[in-house]
Amino acid sequence: YAYLLNKRGIDRDVLYAFAHAGMIYECAKYHNAIFVGFDKNGKPVHAHKRGTGSESSYKGNVASGIPENSFHWTGKSDKLYLFEAPIDMLSFISMNKDGWRNHSYAACCGVADRVLFQMLSENPNIKTVCLCLDNDEAGQAANKRISDKLFTQGIQTEILVPTNKDWNEDLLYQNDESEETICQAL
């Protein structure tokens with residue numbers, strides 16, 4: 001929790017909602033943050049690991065996982081938000097908390113679109129996909145590739161680009177600005 005709350009700036013209520021649902025936990029042996037993806041029957045079938053050490057940049061998927069069911073949240077609205085990484089997904093939700101539980105969210109754990117099309121097949125109510133991939137060459141190329149696929153299927157697409165490299169950097173920048181404003185007011 002300390003890593004996600006303090007270093008990554010994830011909102012406490014958002015983090016607790018995912019932890020309470022059994023979707024985030026800490027690996028006892030390596031202290032990695034584990035982001036769990038469930039299939040439509042509620043069975044855990046995917047895990048994305050993220051190192052939490054101060055010098056760690058480790059991240060990866062458990063080899064036996066099913067990428068179509070990577071870390072995701074299913075809401076009731078007709079909107080799905082797609083991200084490269086679980087931390088970006090949680091960061092975006094932290095910045096857009098009003099009614100967040102109503103929408104659907106998924107992390108590709110890369111730039112593949114397998115989880116997107118799995119979500120669409122299991123949730124026919126989804127009419128709009130918001131592509132929220134990183135503001136870098138790989139992320140924007142994936143936004144274009146995926147939006148072209150969605151267009152041919154008649155699915156409305158919006159592309160949301162973070163101001164910085166990714167949504168976590170935007171969240172951290174927003175949090176720094178808020179803290180600076182509070183300090184100036186004192």
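In what order do the 4 strands of the open sheet lie? The model is predicted.

Figure 1. Along the principal axes, the C-alpha trace extends over about 55 × 40 × 30 Å. Buried residues make up 45% of the 186. Among contacts with a separation of 6 or more, 61% link residues 24 or more positions apart. The accessible surface is about 9,800 Å², and carbon and sulfur atoms contribute 51% of that area.

**Figure 2. The open sheet of 4 strands, in the order E1-E2-E3-E4.** Pairing in this sheet is antiparallel. Its edges are formed by strand E1 (24-26) and strand E4 (59-61), each of which pairs on one side only. From one strand to the next, the twist averages 25°. Strand E3 (residues 44-50) is joined to E4 by 3 bridges in the antiparallel sense. Within this pairing, His 48 has Asn 61 of E4 as its bridge partner.

**Figure 3. Helix H3 lying across E1, E2 and E3.** The helix runs at about 85° to strand E2 (33-38). Of the 10 residues of H3, 9 are buried, so the helix is largely enclosed by the rest of the structure. The buried residues include Pro 86, Ile 87, Asp 88, Met 89 and Leu 90. Ser 91, Phe 92, Ile 93 and Ser 94 of H3 are buried as well.

**Figure 4. Strand E7 and its pairing with E5 and E6.** Strand E5 (residues 72-73) runs antiparallel to E7, and 2 bridges connect them. His 72 is bridged to Ala 106 in E7. Strand E6 (residues 79-83) pairs with E7 in the parallel sense over 4 bridges. Tyr 81 has Tyr 105 of E7 as its bridge partner. Between E6 and E7 the chain passes through helix H3 (residues 86-95), and this β-α-β crossover is right-handed.

**Figure 5. Thr 128 in strand E8 (residues 128-131).** Thr 128 has a relative accessible area of 7%; because this is under the 20% cut-off, Thr 128 counts as buried. Apart from neighbours within four places in sequence, Thr 128 is in contact with Asp 78, Lys 79 and Leu 80, and also with Gln 156 and Glu 158.

**Figure 6. Gln 156 in strand E9 (residues 156-159).** Gln 156 is partly exposed, with a relative accessible area of 47%. Not counting residues up to four places away in sequence, Gln 156 touches Lys 127, Thr 128 and Val 129. Asp 98 lies 58 residues from Gln 156 along the chain, and the C-alpha atoms of the two are separated by 22 Å.

Conventions. Residues are numbered from 1 along each chain as its sequence is written. This is a predicted model: local features need pLDDT of at least 70, side-chain atom pairs count only at pLDDT 80 or more; totals for chains, interfaces and linings use all residues. Side-chain values use heavy atoms; hydrogens and water are left out. Two strands pair if DSSP finds at least two bridges between them. A crossover is right-handed if, with the strands pointing away from the viewer, the path from the first strand over the helix to the second runs clockwise. Buried means under 20% relative accessible area, exposed over 50%, partly exposed in between (1.4 Å probe, protein chains only). Contact means heavy atoms within 4.5 Å. Accessible areas come from the Shrake-Rupley method with a 1.4 Å probe; for residues, only the protein chains shown count as cover. Axes are lines fitted to C-alpha atoms, for helices over the stretch in contact, and angles run from 0 to 180 degrees between N-to-C directions.
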